[in-house]
Each structure stands twice: as structure tokens, then as C-alpha cells.
Amino acid sequence: MPRLSLRVVLAPSLSESERESIWNLWEANMRALVEPSSFGWNPKVKKKELFHRNARFILVSDPENGEDQAPIAAFSTFRFEREQREDVLYCYELQVSEPFRRCGLGQSLVDKLSSIGKHWGMVKILLTVLKSNVAARRFYSRNGFKVDPTSPEYNSASGEDDEGHVEEDTYDYEILSKTLL
């Protein structure tokens with residue numbers, strides 16, 4: 001595996017080629033999952049969220065190709081937000097390209113997000129994950145994420161109501177969190 005470079009960049013500082021590489025990786029990884037979901041496929045809306053002026057990116061690339069020309073091996077995008085009267089680091093995306101999976105890049109990105117969040121006094125990391133993305137849910141669980149109280153089905157995370165009856169899924173996503181403090 002090539003030596004990879006990791007850097008944090010504000011969304012407005014991204015070059016056009018970086019934006020294109022980020023979008024292409026997101027689309028390759030997520031389009032098939034998002035199209036049938038309640039979020040639906042809407043590139044214009046997703047790009048607006050992804051490249052929001054307050055977004056920060058952790059980019060992993062091959063410096064041998066030059067940072068501006070290198071395809072992105074992995075990235076995470078996050079923002080500092082206030083949720084339920086708590087300062088949180090909201091991870092909007094964590095994407096790893098196929099050839100770089102199972103090499104520890106996802107773990108490195110979670111570690112970096114945790115380090116950044118702790119440095120800036122954030123209480124926790126929040127993220128949204130599609131229930132159909134079983135691999136991502138397993139990955140986040142292994143990395144200490146749990147269903148957050150702000151998740152729509154938090155009270156029914158067991159899948160049972162108060163009387164022990166199994167409830168049908170009404171949401172196709174859940175909000176996970178990892179405490180930092």
C-alpha cells in the first residue's frame with residue numbers, strides 16, 4: 001500500500017478536482033444505498049450538504065500523485081454543531097474507496113474525529129447511518145458508537161414496544177453517537 005497523507009481542509013478551500021474526487025467516491029459508495037431510502041437520490045441537495053461552507057474534511061490521499069491531483073482514498077466530513085444543548089462533532093460522511101478498505105483507514109478517520117472533537121471540547125460524535133448499511137453499522141458498533149437518544153427510534157431500539165410486541169421499522173436510518181468526554 002502506498003504511503004498516504006492525511007490533512008484537514010475547510011470546504012471552501014477544496015479545489016475543483018478534490019470536490020470531484022470526493023463526490024465520485026461518495027456516489028460510488030452510497031448511491032445504491034441512498035436511492036431507495038427516505039433520503040432519496042438528489043445530487044444537488046447532497047452536494048449542498050457535503051460542501052457546506054462550515055464543513056471540514058479529513059482527506060486521505062496519495063501524496064506521490066500531488067495532493068490536488070490524487071484520487072481521494074478516504075475522507076470524512078464533519079461540522080461542529082449544537083444538538084440538545086450539547087456541543088457535538090457531527091460526522092456527515094466517512095467514506096473509504098474500495099481498494100483501501102480493511103486497511104485501517106476507517107479506524108484512523110474515527111480516531112482523528114475523536115481527537116479533533118476532544119481538542120475542541122465536544123461532548124460526543126454524532127452521525128446518521130442507514131439501517132440498510134449493515135457493514136457501516138457493524139463498523140461503528142466496533143468503534144464504540146451506540147444508538148443516540150436523538151435517534152427517532154431510540155426508545156424502541158430493542159425492536160419491541162413496552163408490552164414486548166415487535167414493532168415495524170418506521171425509519172430507515174438511525175443516529176449513533178460516541179461519547180468523547
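Which loop does Arg 102 lie in? Select Arg 102 and you will find the loop between β4 and α3. Helices (H or I, at least four residues) and strands (E, at least two) are DSSP runs, numbered from the N terminus.

Before going on, a word about the model. This is a predicted model, in which local features need pLDDT of at least 70 and side-chain atom pairs count only at pLDDT 80 or more, while totals for chains, interfaces and linings use all residues. Residues are numbered from 1 along each chain as its sequence is written, and side-chain values use heavy atoms, leaving out hydrogens and water.

**Stop 1**

Arg 102 counts as exposed, at 84% relative accessibility. Here, buried means under 20% relative accessible area, exposed means over 50%, and partly exposed is in between (1.4 Å probe, protein chains only).

Now select Arg 85, in the loop between β3 and β4. Arg 85 also has a positive phi, near 65 degrees, and is a residue other than glycine. With a relative accessible area of 75%, Arg 85 is exposed.

**Stop 1: helix α4**

Next, select residues 134–142, which make up helix α4. Which of its residues are buried? They are Ala 136, Phe 139 and Tyr 140. These residues cover an arc of only 95 degrees around the axis, so they are on the same side of α4. The arc is that of the directions from the helix axis to the C-beta atoms.

To see what covers the buried residues of α4, show β4 (86–96), α3 (105–119), β5 (124–130) and β7 (173–179), which are included in that cover. Contact means heavy atoms within 4.5 Å. Then select Gly 144, which follows α4 and has a positive phi, near 90 degrees.

**Stop 2: the cores**

Select Leu 94, Leu 113 and Tyr 140. They have the most contacts inside the largest nonpolar core, which has 25 residues. A nonpolar core is a set of buried Ala, Val, Leu, Ile, Met, Phe, Trp, Tyr and Cys residues joined through side-chain atoms within 4.5 Å. The elements that give two or more residues to this largest core are β2 (56–61), β3, β4, α3, β5 and α4. Among them, α3 gives the most, with five residues.

Zoom in on Leu 94. Leaving aside residues up to four places away in sequence, Leu 94 touches several residues, including Phe 75, Leu 109, Leu 113 and Phe 139. Apart from this core lies another, of 22 residues, among them Ala 11, Leu 25, Ala 55 and Phe 57.

**Stop 3: aromatic rings**

How many aromatic pairs does a search of the whole structure find? The search finds 12. Rings of Phe, Tyr and Trp (its six-membered ring) pair if their centres lie within 6.5 Å; planes under 30 degrees apart count as stacked, over 60 as edge-to-face and the rest as tilted.

Select Phe 39 and Tyr 173, a tilted pair with 5.4 Å centre to centre and 55 degrees between the planes. Phe 39 lies in the loop between α1 (16–34) and α2 (43–50) and Tyr 173 in strand β7, so the pair ties together parts that are 134 residues apart in sequence. Phe 39 counts as partly exposed, at 48% relative accessibility.

Now show Trp 23, Trp 26 and Trp 41, which ring pairs link into a cluster.

**Stop 5**

Side chains of opposite charge can pair when their charged atoms come close. A salt bridge is a side-chain nitrogen of Lys or Arg within 4 Å of a carboxyl oxygen of Asp or Glu.

Select Lys 46, which is buried, with a relative accessible area of 14%. Lys 46 forms a salt bridge with Glu 49, with the closest N and O atoms 2.6 Å apart. Both lie in helix α2, three residues apart, about one turn of the helix.

Lys 46 also forms a salt bridge with Glu 93, where the closest N and O atoms are 2.5 Å apart. Lys 46 lies in helix α2 and Glu 93 in strand β4, so this pair ties together parts that are 47 residues apart in sequence. Glu 93 is buried, with a relative accessible area of 8%.
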